[in-house]
Amino acid sequence: MWKENYTTMERYLKDILNVFNYPIWNRKKEDQTESYLIQKNVNQALLSEIEELKELLDLSKTMTDYRVIHTTLVHRQMDYWLQTIVVDKGSKAGIAKDDIAITASGMIGRVRDVTNWSSEIELLSASDPSFQVSVQIETNEETFYGILSGYDQKNQLFLVRGISSSAGSDVTTSGLTGNYPKGIFIGTIESSEATSSYETLLKVKPKQDFNQLRYISILSRREV
């Protein structure tokens, strides 16, 4: 009788061990797999960040008339998602109002307000009719000039007016207005529409996704 009870107890304990040990072992395997996937994603994100920063650093070599100040986005309001962003450097780093803001993919906006330690950037995707940028399209034969004066939020396209031809594909800053240097990439012509016999409305696709901003460089005019 005692032996039988012992055997029953032994089986009971064994069942308990089976219930707890195997799930724990399986969870360890799952945890290890999940940990590996997380680390893999982290590594991929870091590589992406490194490449993005390298591209930004290369811009420093070409903007000889400007100081390039590298910043990081620290604040963005949902209600003004495509209007403004805030970066983590300000006047103490040499940033001033109306300095140009760029990423490795081209121009994204201008500095609208500055404090000692942060800067508010008005984006090119903002609905501000006063924010207009002189742009150009270069071909082998001629250079055409126009004004970037709007943004189609639904289709994520810049609107460029005043150009009498849609020849060419890349649109860059002309350097003719404001504090903007010549040759900063704006986007690529996606379509055109004749609005009159002498003017064509261009719809330009930016390379930068304005929903995915992270590292921003500020081009600040060097003191002479």
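## A threonine to start from

The backbone oxygen of I216 sits 2.7 Å from a polar atom in the side chain of T71. That falls under the heading of a polar contact, a pair of N or O atoms within 3.5 Å where, within protein, one must be able to donate a hydrogen and the other to accept it, and where residues adjacent in sequence count only if both atoms are side-chain atoms. What you are looking at is a predicted model, in which local features need pLDDT of at least 70 and side-chain atom pairs count only at pLDDT 80 or more, while totals for chains, interfaces and linings use all residues. Residues are numbered from 1 along each chain as its sequence is written, and side-chain values use heavy atoms, with hydrogens and water left out.

T71 belongs to strand β1. Is T71 buried or exposed? T71 is buried, because its relative accessible area is 4% (buried means under 20%, exposed over 50%, and partly exposed in between, with a 1.4 Å probe and protein chains only). Leaving out residues up to four places away in sequence, T71 touches V87, D88, K89, I95, R214, Y215, I216 and I218; contact here means heavy atoms within 4.5 Å.

## The overall plan

Now step back to the whole protein. Helices (H or I, at least four residues) and strands (E, at least two) are DSSP runs, numbered from the N terminus. Of the 224 residues, 34% are buried. Among contacts with a separation of 6 or more, 59% link residues 24 or more positions apart.

Where do the strands go? Two strands pair if DSSP finds at least two bridges between them. Strand β1 (residues 66–75) and strand β2 (residues 84–87) run antiparallel and are joined by 2 bridges; H75 has V86 in β2 as its bridge partner. In general, strands of a sheet pair through backbone hydrogen bonds.

## An aromatic cluster and its neighbour

The whole structure holds 3 aromatic pairs. Rings of Phe, Tyr and Trp (its six-membered ring) pair if their centres lie within 6.5 Å, and planes under 30 degrees apart count as stacked, over 60 as edge-to-face and the rest as tilted. The F158 and F210 rings have centres 5.9 Å apart and planes at 90 degrees, so this pair is edge-to-face. Because F158 lies in strand β8 (residues 157–163) and F210 in the loop between β11 (200–205) and β12 (215–221), the pair ties together parts 52 residues apart in sequence. Both are buried, F158 at 0% relative accessibility and F210 at 3%. Ring pairs link Y151, F158 and F210 into a cluster.

L124, in the loop between β5 (119–123) and β6 (133–138), touches residues including Y151, F158 and F210. L124 is buried too, at 4% relative accessibility. The C-alpha atoms of L124 and F158 are 8.3 Å apart, although 34 residues separate them along the chain.

Most residues other than glycine have a negative phi. D98 has a positive phi of about 75 degrees; D98 is in the loop between β2 and β3 (100–103) and is partly exposed, at 37%. Q156 also has a positive phi, near 55 degrees. Q156 is in the loop between β7 (143–152) and β8 and is partly exposed at 31% relative accessibility.
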